[in-house]
Structure formats: C-alpha cells, structure tokens
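Please look over the sequence and the model below before reading on. The paragraphs that follow lead through a few places in turn.

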Amino acid sequence: MLDYIKQWLAQRRGGAVGNHDPDNLPTPKTVSDQPLSRCRLIVLDLETTGLNASKDEVIAIGAVAIEGGVIHLNDQFDLILRRPELDIRETVLIHGIGPEALTQGHETEDALLYLLEWMNGDPILAYHSAFDQKFLEKTLKAQLGYTAPHVWMDVAELLPAIFPKAETRGRSLDHWADFFKLEVSERHHAAADAMVTAELTLMALNRAQKNGVKNLKELAEKLHYQRRLQNMHRY
C-alpha cells in the first residue's frame, strides 16, 4: 500500500496523475442495479481527535475494498495524516496516534486526493456511517473544496437487517465481532476496524444474496425499511 501511494504521489507531483481540480476526480456512483456479486464497495473507518465534527479533525483513514464477493488484501487504504498542529492529548490513549506520527504523516491534501481516486466513486460503507460521513465530507470540503455526494450505507443498520435473530448482547462493532467470533487485530486503529467491518459486511452480503437480495438497489431498499422499523419502535 505504501509503495503504491509513494509512486502515485511522485507521479502527481510530476503532473502525470490528477491535480487539484475536483472535476477531474472520479464521479460518485449512484445506487442502481449493480449485482452484489460483482460491485465494488469501500468499507471505511476514520480516527479523529474527538467526536464533535464541528471542532475535531480526521487524523487517520483506513479502508478496504470488497469486490466480487471477496475482500482484496491488495486493495486497501491505510494512512495517517500529517496534522502536527492538532491537539490529540485527550484521545491519544484511544487511537495510539501520537505527536510524532502526526508530524511524519502524509500531507492531508495529497492523501485525500489519493483516497478519492482509489475509491473511484464506489459506494462507501462504515459502522455508524453518519459519524464517518460527517467528518470525511467536512475534511474534503475544507482541504479540497470537494462536495460531490457519495452513496453511504451503515453497517450498523445492515447487520441487524440481515441477521434479525442474532443475539449480540449489544449494538457495537465489538458485539458483532464477538458474535461471529472474528479476531480484531487492533481496535481503534482505522485499518484494523475497517477490516473487521469489511468481514462483517461480507457475511451480511452473502446472507442477503441467499435471501434474494441481488443488487445494490434492493440492499438500499432493505436498509431503508430497517430504518423505518427502528424509528417506529422509538414511539
């Protein structure tokens, strides 16, 4: 992964790949009849300086691609951003990213451009996706002036929709990982969290297809129905 981005950054700085014009970046794909068995999906996780998107910042991005019903280990994104000016004292014990790592990280603008090209406009999934979406959209707008809307899906909604009888004893990523006996290499590490989220997503996609959900549009409709059910149960 690091070799790929070093090569890409060298090419971009030399003028061979991309530039700062958002119009030249891949166009986000819409939800349509892409078969689940063939479409490429991005499973993403962020590490931030806190939970408040109005004042906190993204410091690390981890993501993995699912394509053709397979998690491709050579198709990942794992970068710490160069943000030495940020105060991480309150959260360093959670994510383990200290001042030295933020000083030696990748330039934020370059990393975000690479992320957008790597994602190629494909739908993005995350656990409690509203959090990651809010932070990523804020960062892309602030750093690149990029505001194109991407398709987002919430794995925290997907799992109970596909496995309604699962007794997870809770709704967190850890609860679902424990339920399926998945090994989490390192929690609160963006790339590791993205990988376990991708493993859970792949299980859900396989079960969904067995249950007759064949394409991305049908999956989005199922999530919409799940969201309506949750809202009804609140009253």
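Contact here means heavy atoms within 4.5 Å. In that sense, and leaving aside its neighbours within four places in sequence, Leu136 is in contact with Leu44, Leu46, Leu112, Leu115 and Trp152. Leu136 belongs to helix H5 (residues 129–144), helices being DSSP runs (H or I) of at least four residues and strands (E) of at least two, numbered from the N terminus. With a relative accessible area of 2%, Leu136 is buried, a word used under 20%, while exposed means over 50% and partly exposed in between (1.4 Å probe, protein chains only).

This is a predicted model, in which local features need pLDDT of at least 70 and side-chain atom pairs count only at pLDDT 80 or more, whereas totals for chains, interfaces and linings use all residues. Residues are numbered from 1 along each chain as its sequence is written, and side-chain values use heavy atoms, with hydrogens and water left out. The pLDDT, the predictor's confidence in each residue from 0 to 100, averages 87 over the chain; confidence is lowest in helix H1 (residues 2–13), at a mean of 55, and highest in strand S4 (residues 124–126), at 98.

Ring pairs link Phe163, Trp176, Phe179 and Phe180 into a cluster, where rings of Phe, Tyr and Trp (its six-membered ring) pair if their centres lie within 6.5 Å, and planes under 30 degrees apart count as stacked, over 60 as edge-to-face and the rest as tilted. Trp176 is buried at 5% relative accessible area, whereas Phe179 is partly exposed at 34%. Phe179 and Phe180 form an edge-to-face pair, 5.0 Å centre to centre with 85° between the planes.
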